[in-house]
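This report describes selected features of a single protein chain.

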Amino acid sequence: MDSYRLVYAVLLCTLAVHCKPTLRKERVHHDQAELSKRPQEDNNSFKYDHEAFLGKEDATSFDQLTPEESKDRLGKIVDRIDGDGDGYITTSELKAWIRRVQKRYVYENVAKVWSDYDLNKDDRVSWEEYKQATYGYYLSNPEEFEDETDQFSFRKMLPRDERRFHAADVNGDQTSDREEFTSFLHPEEFDHMKDIVVQETLEDIDRNGDGHVDEDEYIADMFAHEEGGPEPDWVKTERDQFSDFRDLNKDGKMDQEEIRHWILPKDYDHAQAEARHLVYESDLDKDKMLTKDEVLENWNMFVGSQATNYGEDLTRNHDEF
């Protein structure tokens, strides 16, 4: 678990508030096995594809539909993806759809929390509003946070959030409109925020504070080693990855540029890779395009069904599908 998440959870439960400091994103690993080689024995094996094709929230909702309902909605989505109406889904059309889904999730996420931060309802969020909404109780009642870990976490995260907030403030007016606030909460989605993403990643992993990430720090970020216990095989693989692909100049550590190369590789396009994978797996006649019949024939790769959370209400409006 992220070292800060427990602190945040305790704060939220104690204060019964919705705002929280920005959280560290999962590291980006693009050196995994090719998408087409992932095991695909059952519906759970397609979770990655479902989330890429639908977005996390809609993927969860589709899991609660019957196969017939799921196929019906998928057919409607296919009609929307086929932008030129020629009856074929190209890799480019599928890539554009996946990118749209990714962006939709980001902007919908911001829309949900906007009112928690726009305290004076002027449709902008200032740093002071964000700080008050997120850290106000802590700043006013520091005595209630006696644990040194809690104190350290909030002292560290507040200036870090302020630095990120000002980086997102493109026009320098000390407030954020919705676009700027979106780049603040989701910096990995915006080119002008990538330096911040790299810097925060370095700070998260660099335990000795020397400005670099060595192999042990790299491993510690993903694996909590029990003293005297053996390392799993996958950890050895990650050590090999570090020496072979992460530490580019072979000096035993990663600097900021090497971290950038790791988490933000220039030659990798997630949407393109996923679109190619979906076409490859579903293209029955191997013409490098998909018909609606081909998509529906392989429907469980694109969307899910067979709900396991039977008591959960579906609150999302699916009219667009």
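In this predicted model, V303 has a relative accessible area of 0% and is therefore buried. The residue is located in the segment after α15 (299-302). Its C-alpha atom lies 8.2 Å from that of F46, although 257 residues separate V303 and F46 in sequence.

**Overall composition**

The secondary structure of the protein consists of 15 helices and four strands. The protein has 321 residues, of which 43% count as buried. Considering contacts between residues at least 6 apart in sequence, 63% join residues at least 24 apart.

**Packing of α2 and α13**

Helix α2 (residues 47-54) packs with helix α13 (residues 270-282) at an angle of about 115°, and the two axes are 11 Å apart. The crossing of α2 and α13 is left-handed. On the α2 side the contact is made by Y48, D49, A52 and F53, and on the α13 side by H270, E274, H277 and L278. By class, the residues of this contact comprise four nonpolar, two polar and two charged.

Is H277 buried or exposed? With a relative accessible area of 4%, H277 falls under the 20% limit and is therefore buried.

**Packing of α5 and α8**

The axes of helix α5 (residues 91-117) and helix α8 (residues 178-185) cross at roughly 105° and come within 10 Å. Because of this angle, α5 is roughly perpendicular to α8. From α5, the residues V106, Y107, V110, A111, V113, W114 and Y117 meet R178, E179, F181, T182 and L185 of α8. The contact of α5 with α8 contains nine nonpolar residues, one polar residue and two charged residues.

**Surroundings of S176**

S176 is part of strand β2 (residues 175-176). Its relative accessible area is 0%, so S176 counts as buried. Which residues are in contact with S176, leaving aside its neighbours within four places in sequence? They are W114, R124, V125, F165 and F181. Among them, W114 and F181 also take part in the meeting of α5 with α8. V125 is 51 residues from S176 along the chain, and the C-alpha atoms of S176 and V125 are separated by 5.1 Å.

**Residues with positive phi**

Most residues other than glycine have a negative phi.

| Residue | Phi | Location |
|---|---|---|
| K250 | about 60° | loop between α11 (233-246) and β4 (253-254) |

**Summary of the buried sites**

The relative accessible area is 0% for V303, 0% for S176 and 4% for H277.

Note on methods: Residues numbered from 1 in each chain as written. Predicted model: local features only at pLDDT ≥ 70, side-chain atom pairs only at ≥ 80, totals over all residues. Heavy atoms only, no water. Axes fitted to C-alpha atoms, helices over the stretch in contact; angles between N-to-C directions. Helix = DSSP H or I, 4+ residues; strand = E, 2+ residues; numbered from the N terminus. Left-handed = near helix turned anticlockwise from the far one by under 90°. Contact = heavy atoms within 4.5 Å. Nonpolar A, V, L, I, M, F, W, Y, C, P; charged D, E, K, R; others polar. Buried < 20%, exposed > 50% of the residue type's maximum accessible area, 1.4 Å probe, protein only. Parallel < 35°, antiparallel > 145°, perpendicular 65-115°, else oblique.
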